[in-house]
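Open the model in your viewer and keep the selection tool at hand. Each stop says what to select and what is there.

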Amino acid sequence: MRRFHLMLCAAVIMAAMFVLIDRESSNDTKIISKVPTTQKVVALTIDDGPHTKVTPEILAILKDKNVKATFFVLGKNVENNPRIFAQEIADGHEVGVHTYSHSSLPKLSDKKIEEEFEKAEKVILPITAMPTLFRPPGGACNERVIRIARERGYQVVLWSIDTRDWECPPEKRIIDEVYKEVKPGSIILMHDGQYPIPTPRVLGTIIDGLRERGYTFVTVSELLQYNEVGHTFRPFSSPFKN
């Protein structure tokens, strides 16, 4: 009898696991924060620009190191710096949308969220094709935000390594944090939307250090091709209730 109970419990657990897997694979409210892979590839992502001073410095370093990054741009900064944005495209970098004004989207109505996308796209599309990636400002999103983004054709992308470079910490702290947390399939978050910021001073060191550790840099879209388990997403959970 005891053996029967153990077998019954095991069957129930297995059934629950299959249900969980099925729900996870069919759940529409999912976001990318990393990619499951054994290959030593990482994606460098840069938020909030383009900035008049910082972005050209970053572009020069990326060009010198032959690295392609993914820039999540703000529409208002593209509007103010269209030539720098065009240079990102000309240099072969990937671009994603980071809204127009960097508002916290869960606090906005559906209409205002749509307007953030529309205003950003209006200034981006004359320069390049429609982006397919979207990162919510501060990573703040809920089911409404994700639904609207997906309806507009975007995949929502967060990150697995937050350098917090916008806080202007000591340069060594940023570098050490990346080296400590990096794993195959990591998405690294950095910024170029303010001055001063230590990002240009640490970027080359981070690139060289990760290459010495055997890592290759790819864009987010390229990173998705390294997925080894059938999906790249995790279920979405947010403290925002709107």
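**Whole chain**

Keep in mind that this is a predicted model. Show it as a cartoon: the protein has nine helices and ten strands. Now colour by accessibility. Of the 242 residues, 47% are buried. Switch to a surface. Contacts come next. Take those with a separation of 6 or more: 80% of them join residues 24 or more positions apart.

**Helix H4**

Select residues 82-90, which form helix H4. Which residues of H4 are buried? Ile84, Phe85 and Glu88 are. They sit on the same side of H4, because they cover an arc of only 100° around the axis.

**Salt bridges**

Display the charged side chains. Side chains of opposite charge can pair when their charged atoms come close. The count for this model is 14 salt bridges.

Begin with Lys53 and Glu57. Their side chains meet in a salt bridge, at 3.4 Å from N to O. Lys53 is partly exposed, at 37% relative accessibility. Glu57 is partly exposed too, with a relative accessible area of 31%.

Go next to Asp110 and Arg144. Their salt bridge has an N to O distance of 2.5 Å. This pair links distant parts of the chain: Asp110 is in helix H5 and Arg144 in helix H6 (residues 143-151), 34 residues apart. Check the accessibility of both partners. Is Arg144 buried or exposed? Arg144 is buried, because its relative accessible area is 18% and the cut-off for buried is under 20%. Asp110 is partly exposed, at 32%.

Arg147 lies in helix H6 and Asp110 in helix H5, so the pair ties together parts that are 37 residues apart in sequence. Arg147 counts as partly exposed, at 34% relative accessibility.

Asp110, Arg144, Arg147 and Glu151 are linked in a network of salt bridges.

**Thr205**

For the last stop, select residues 199-212, helix H8, and pick out Thr205 within it. Thr205 is partly exposed, at 38% relative accessibility. Which residues does Thr205 touch, not counting those up to four places away in sequence? They are Ile175 and Tyr179. Finish with a distance label between the C-alpha atoms of Thr205 and Lys172. They are separated by 10.0 Å, and the two residues are 33 residues apart along the chain.

Conventions
Residues are numbered from 1 along each chain as its sequence is written. This is a predicted model: local features need pLDDT of at least 70, side-chain atom pairs count only at pLDDT 80 or more; totals for chains, interfaces and linings use all residues. Side-chain values use heavy atoms; hydrogens and water are left out. Buried means under 20% relative accessible area, exposed over 50%, partly exposed in between (1.4 Å probe, protein chains only). Helices (H or I, at least four residues) and strands (E, at least two) are DSSP runs, numbered from the N terminus. The arc is that of the directions from the helix axis to the C-beta atoms. Contact means heavy atoms within 4.5 Å. A salt bridge is a side-chain nitrogen of Lys or Arg within 4 Å of a carboxyl oxygen of Asp or Glu.
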